[in-house]
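Subject: Structure for you to look at

Hello,

Here is the structure I promised, with the sequence. My notes follow below it.

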Amino acid sequence: MSGAAFSPGRSNLQRFLSGYGQEIVVLLSIAALFAVVGAVNPRFLSDTNINSIFAGNAYIAIAAIGMSMIIMAGHIDVSVGALIGVIATIAGTLAVKGYPIWMAWSVPIIFAIAVNAAVGTLVAYTRIPSIVVTLGMLSILKGGLISATQGEWITNMPAEFMIAQMRPFGIPSAVWFMVALTIIAALFLRYTDFGRSIYAVGGNMEAARAAGINPERTVIGVFALHGLFAGIAGILFATQLQVIQSTVPPNLELTIITASVIGGVSILGGTGTVIGSTLAAILFACIGSALIFLNVSAYWLRAVLGLMILATVLADMVRRRRDK
Amino acid sequence: MTAAKLFRHETILAALTVIAMIVLASLSDKFFTAENLLNQGRLMAEVGLISLAMTFVIVTGGIDLSVGSILGLTAILLGVFWKNLGLPLPAAILLAMVCGTFAGFVNGLIITRFSVPPLIATLATLALYRGLAEGISEARSVRGYPEWFFFFGQGEVLGVPFQLWVLGIATAIAAVILGLTPFGRATYATGANEVAARFSGIRVNAAKLWIYTASGFCAALAAVIFVSRVTTTRSDMGTGLELDAITAVVLGGTSIFGGRGTIIGTALGLILIQALKNGLALSGVKGDGTIVVIGLVLIGAILVGALFDRNRGG
């Protein structure tokens with residue numbers, strides 16, 4: 001949706017590159033990473049490793065889809081990591097307690113949608129910045145989770161509950177979810193009125209209102225949708241291992257936000273695609289795995305993530321200044 | 001007008017703090033003892049120092065999410081400079097604090113030179129600084145500091161914890177700067193209307209650069225006190241501290257949109273939060289339950305503030 005994409009007098013290739021520049025950069029980085037690390041240590045390209053990169057991180061990509069929409073609409077959610085932890089714990093508890101599997105899957109997702117719709121309502125109607133509301137929500141969810149579970153792990157979940165471990169047509173279902181949800185979300189953002197109104201509200205709220213969009217309703221809708229994606233991510237997270245640790249996964253929200261931002265979602269709202277955020281989530285997973293295969297201490301992973309966000313954001317700002 | 005003055009945010013907050021204290025004192029007879037109160041003051045100092053600088057940051061309309069990470073990074077550097085590089089401890093402390101202050105300066109540069117929104121800039125450096133702390137320390141902790149070093153975090157002067165003196169003096173300085181100096185007025189003007197401030201000849205960028213640097217300095221100072229208090233350094237020190245500081249500031253009546261807020265409000269916000277934490281713990285609420293209360297208090301305070309604003313604005 002960048003303005004440059006519609007300027008006349010450019011070749012189709014130029015238009016394509018300026019519209020999807022960030023996605024192409026991320027895709028090339030993934031390819032380069034596979035080539036280089038694979039050459040240094042061929043075990044990086046083994047089935048097991050590729051499987052763990054994609055299947056083990058699909059839930060991050062899925063949560064990043066919802067986060068991208070939030071950021072496109074000009075907001076942010078720092079509570080999503082805590083929410084995913086809560087969802088996983090609710091789902092695991094329901095499954096262990098013997099409730100029907102469909103309930104163990106659906107109840108937490110509905111809970112996530114409700115929580116985020118409430119956050120969205122607060123943000124939309126009281127004009128309290130989303131960072132403050134979600135900071136508060138982060139501490140409510142985190143504190144609530146730890147005091148409810150006392151940090152006890154959930155084990156012995158029924159096999160039919162473990163949806164992330166199922167492999168339809170030989171490919172892990174988490175990967176199916178990631179691909180399908182990315183495509184659906186991309187089509188939704190591009191071709192539905194609601195999808196386009198998200199870009200409009202993020203670009204310029206008053207202009208969107210003048211164009212007949214109800215910005216409040218759009219914001220609530222975006223948060224609810226983000227809840228849906230976080231819910232699905234939480235279920236996949238809950239079912240990918242044999243235990244649920246009943247804690248908030250450390251820095252999950254940061255990884256998710258980073259995926260959105262590096263995937264080309266502008267931090268100022270109004271532009272970006274979910275294909276980019278999914279690719280960026282895969283890129284991180286590759287970097288994390290590559291560090292191990294290159295014998296670099298995994299302790300540096302977060303510093304690398306931080307540098308990447310910073311570099312992407314600075315590039316975004318410089319590009320905007322030049323476009324002006 | 002007198003009624004409006006009476007119902008200023010700080011007055012309401014002060015009343016609320018007194019009520020909370022009375023309720024908590026009646027719930028537990030251990031709460032209102034000199035020993036407990038001084039001890040709570042000790043625990044309040046680190047987040048308190050950070051909240052003072054955070055008040056300036058939020059008054060300019062910004063935010064600094066990286067303070068907890070700067071604290072962690074400074075703590076790790078202190079340990080590494082001393083233990084691994086073999087510097088004398090005073091030099092290690094100074095150098096680590098210079099690094100922490102520089103980290104804040106870098107935040108300011110990113111925000112002013114590249115006009116990156118403070119939220120995103122400090123979110124990135126939150127990851128970067130914590131990542132550096134983790135990478136440098138590789139999860140090893142440093143212990144075995146000499147006895148004199150523990151004075152900063154455990155010592156007493158005239159029966160009052162050392163860091164409470166530091167916090168008290170810092171609060172007075174911050175209150176004077178924000179309330180009485182041209183720099184304080186520039187801070188308010190920047191937050192109220194940045195463009196107008198620029199056109200009135202206020203050096204907005206210079207003011208912001210100073211403020212984010214000061215935020216780094218306060219986090220570094222808090223790091224030294226923290227390390228001295230717990231006698232060890234770990235890379236996860238100060239995680240989540242930004243939330244506590246922001247909560248105190250916002251609870252203290254500083255508008256998250258900038259342009260409004262006082263140091264006295266922040267101090268009251270701090271005291272109320274610490275009293276709630278301590279009082280709830282003494283009356284049997286588990287530590288994690290108090291995090292929930294703080295989250296609720298944060299959202300509630302801003303909600304009430306927003307409703308008041310709407311009525312005032314008409």
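In chain B, residues 24 or more positions apart make up 77% of the contacts with a separation of 6 or more. A contact here means heavy atoms within 4.5 Å.

Please keep in mind that this is a predicted model: local features need pLDDT of at least 70, side-chain atom pairs count only at pLDDT 80 or more, and totals for chains, interfaces and linings use all residues. Residues are numbered from 1 along each chain as its sequence is written, chains are lettered from A and ligands numbered from 1 in the order in which they are written, and side-chain values use heavy atoms, with hydrogens and water left out.

Chain B overall

Chain B has 14 helices and two strands. These are DSSP runs, numbered from the N terminus: helices are H or I with at least four residues, strands are E with at least two. The C-alpha trace spans about 60 × 55 × 35 Å along its principal axes. The radius of gyration of chain B is 20 Å, which agrees with the value near 20 Å for a compact globule of 314 residues. That radius is taken over C-alpha atoms, and the globule rule is 2.2 Å times the number of residues to the power 0.38. Of the 314 residues, 52% count as buried. Buried means under 20% relative accessible area, exposed means over 50%, and partly exposed is in between (1.4 Å probe, protein chains only).

Where chain B meets chain A

Chain B puts 40 residues into the contact, and chain A puts in 37. Together they bury about 3500 Å², 80% of it on carbon and sulfur atoms. Buried area is the accessible area (1.4 Å probe) that two parts lose on being put together, summed over both. Three residues stand out: B:Phe114, B:Ile120 and B:Ile299 supply 14% of the area that chain B buries against chain A, more than any other three residues.

Two residue pairs are in polar contact between chain B and chain A (both at pLDDT 80 or more). A polar contact is a pair of N or O atoms within 3.5 Å; within protein, one must be able to donate a hydrogen and the other to accept it, and residues adjacent in sequence count only if both atoms are side-chain atoms.

On the side of chain B that touches chain A, the elements giving two or more residues are helix 5 (89–113), helix 6 (118–137), helix 12 (241–251) and helix 14 (287–313). Helix 6 gives the largest share, 14 residues. By type, this side of chain B has 29 nonpolar, five polar and six charged residues. Ala, Val, Leu, Ile, Met, Phe, Trp, Tyr, Cys and Pro count as nonpolar, Asp, Glu, Lys and Arg as charged, and the others, Gly among them, as polar.

Salt bridges

One salt bridge crosses the interface of chain B and chain A. It joins A:Arg302 and B:Glu134 (2.2 Å, N to O).

Within chain B, B:Glu156 pairs with B:Arg42 in a salt bridge (3.8 Å, N to O). B:Glu156 lies in strand 1 and B:Arg42 in helix 3 (residues 34–59), so the pair ties together parts that are 114 residues apart in sequence. B:Arg42 is buried, at 11% relative accessible area.

B:Glu194 forms a salt bridge with B:Lys208, with the closest N and O atoms 3.1 Å apart. Here helix 10 (residues 194–199) holds B:Glu194 and helix 11 (residues 204–230) holds B:Lys208, so the pair ties together parts 14 residues apart in sequence. B:Glu194 is partly exposed at 26%, whereas B:Lys208 is buried at 11%. A network of salt bridges links B:Glu194, B:Arg198 and B:Lys208.

Two residues with positive phi

Most residues other than glycine have a negative phi. B:Ser115 has a positive phi of about 40 degrees. B:Ser115 sits in the loop between helix 5 and helix 6 and is partly exposed, with a relative accessible area of 39%. B:Leu158 also has a positive phi, near 55 degrees. Its loop runs between strand 1 (156–157) and strand 2 (160–161). B:Leu158 is exposed, at 75% relative accessible area.

Best wishes

Conventions: A salt bridge is a side-chain nitrogen of Lys or Arg within 4 Å of a carboxyl oxygen of Asp or Glu.
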